[in-house]
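This report concerns one protein chain, shown below with its sequence. It is intended to be read beside the coordinates.

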Amino acid sequence: KTSRGKDRSPSTVVRYLASLSHLFSVAINEWGWVKSNPVSSIKKPKNATGRIRYLSQDEASSLLRECKKSKNHFLYTIVLLALQTGMRQGEILSLTWRNIDSENKWVSLQKTKNDLPRTISLSPETHTLLKKKREEKSANSLVFPSLGNPNRPIDIRAAWESALKRAGIEGFVFHDLRHTTASYLAMKGYGYGQIAEILGHKSLQMTKRYAHLSHEHKRNMLKTMENIGKCPI
């Protein structure tokens, strides 16, 4: 269970069991504390098929509109940055001004989930928003600091969930913004290799899970095939 009493996902349970199993392996092989690994006898749940959820154009517009109205003055910039760059929430919230190259209009990420440093271009709007905030901050400070403690990143959970509710968007989490970025890039014709470089994926298989095409986009693609096999009149 989570702290809110919800069931954890099968993939989370599998990761937790893997961590526990590793601890017992170390305790057996290196420390000699125990003789057997009890986790090896636990039946692991099957990983559910990866969820497919990304924002439609209307949903994206509604969400950004509600984020702009939020009392949390960082929320709009954070969500827009996530949508336009595919950055993870942790990557965004841990940004310092040293990561922002205002002259070249890009973000440089040195510490990422996959240990792959990458550079991401900023759109004119996000660059302008960040430039305005930069005037108030020191070079070493966080871009999105907590109001109570400038050394800690801001907590956007309540503001984020409130914006989703006001926008009428259900079954959507912050990480799905990454799916949205990948899907929109795929629908614009970019290849998996290009999308993987933007998102910082090590494998194209992971990118394929993220880059889903909308039903309307697939329908339009297949319209080009309708006349194949038909005899000319």
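The structure is a predicted model, in which local features need pLDDT of at least 70 and side-chain atom pairs count only at pLDDT 80 or more, while totals for chains, interfaces and linings use all residues. Residues are numbered from 1 along each chain as its sequence is written, and side-chain values use heavy atoms, with hydrogens and water left out.

**Overall architecture**

The chain contains ten helices and three strands; helices (H or I, at least four residues) and strands (E, at least two) are DSSP runs, numbered from the N terminus. Along the sequence these elements follow the pattern α-α-α-α-β-β-β-α-α-α-α-α-α. Of the 233 residues in the chain, 37% are buried; buried means under 20% relative accessible area, exposed over 50%, and partly exposed in between (1.4 Å probe, protein chains only). The accessible surface comes to about 15,400 Å², and 53% of it belongs to carbon and sulfur atoms. Such areas come from the Shrake-Rupley method with a 1.4 Å probe, and for residues only the protein chains shown count as cover. Among contacts (heavy atoms within 4.5 Å) between residues at least 6 apart in sequence, 61% join residues at least 24 apart.

**The sheet**

Three strands form an open sheet in the order S1-S2-S3, with antiparallel pairing. Strand S1 (100-101) and S3 stand at the edges with a single partner strand each, so one side of each lacks a neighbour in the sheet. Two strands are taken to pair if DSSP finds at least two bridges between them. The two pairings are set out here.

| Strand pair | Bridges | Direction | Residues standing opposite |
|---|---|---|---|
| S1 and S2 | two | antiparallel | Asp101 and Trp106 |
| S2 and S3 | four | antiparallel | Ser108 and Thr119 |

Strand S2 covers residues 106-109. Strand S3 (residues 118-121) has a covered face, formed by Arg118 and Ile120, and an uncovered face, formed by Thr119 and Ser121.

**Helix H3 and its packing against H7**

Helix H3 is mostly covered, with ten of its eleven residues buried. Among these buried residues are Leu75, Tyr76, Ile78 and Leu80. Helix H3 (residues 75-85) packs against helix H7 (residues 176-187) at an angle of about 40 degrees, their axes being 7 Å apart. The axes are lines fitted to C-alpha atoms, for helices over the stretch in contact, and angles run from 0 to 180 degrees between N-to-C directions. H3 and H7 are therefore oblique to each other; angles under 35 degrees count as roughly parallel, over 145 as roughly antiparallel, 65 to 115 as roughly perpendicular and the rest as oblique. Val79, Ala82, Leu83 and Thr85 of H3 meet Leu177, Thr180 and Thr181 of H7 in this contact. By class, the contact has four nonpolar, three polar and no charged residues. Here Ala, Val, Leu, Ile, Met, Phe, Trp, Tyr, Cys and Pro count as nonpolar, Asp, Glu, Lys and Arg as charged, and the others, Gly among them, as polar. Gly86, which follows H3, has a positive phi near 75 degrees.

**Two loop lysines**

Lys105 is placed in the loop between S1 and S2. Lys105 has a positive phi of about 60 degrees although it is not a glycine. Most residues other than glycine have a negative phi. Lys105 is partly exposed, with a relative accessible area of 41%.

Lys43 lies in the loop between helix H1 (10-31) and helix H2 (57-69). Lys43 is exposed, with a relative accessible area of 79%. Lys43 and Val14 are 29 residues apart in sequence and 9.7 Å apart in space, C-alpha to C-alpha.
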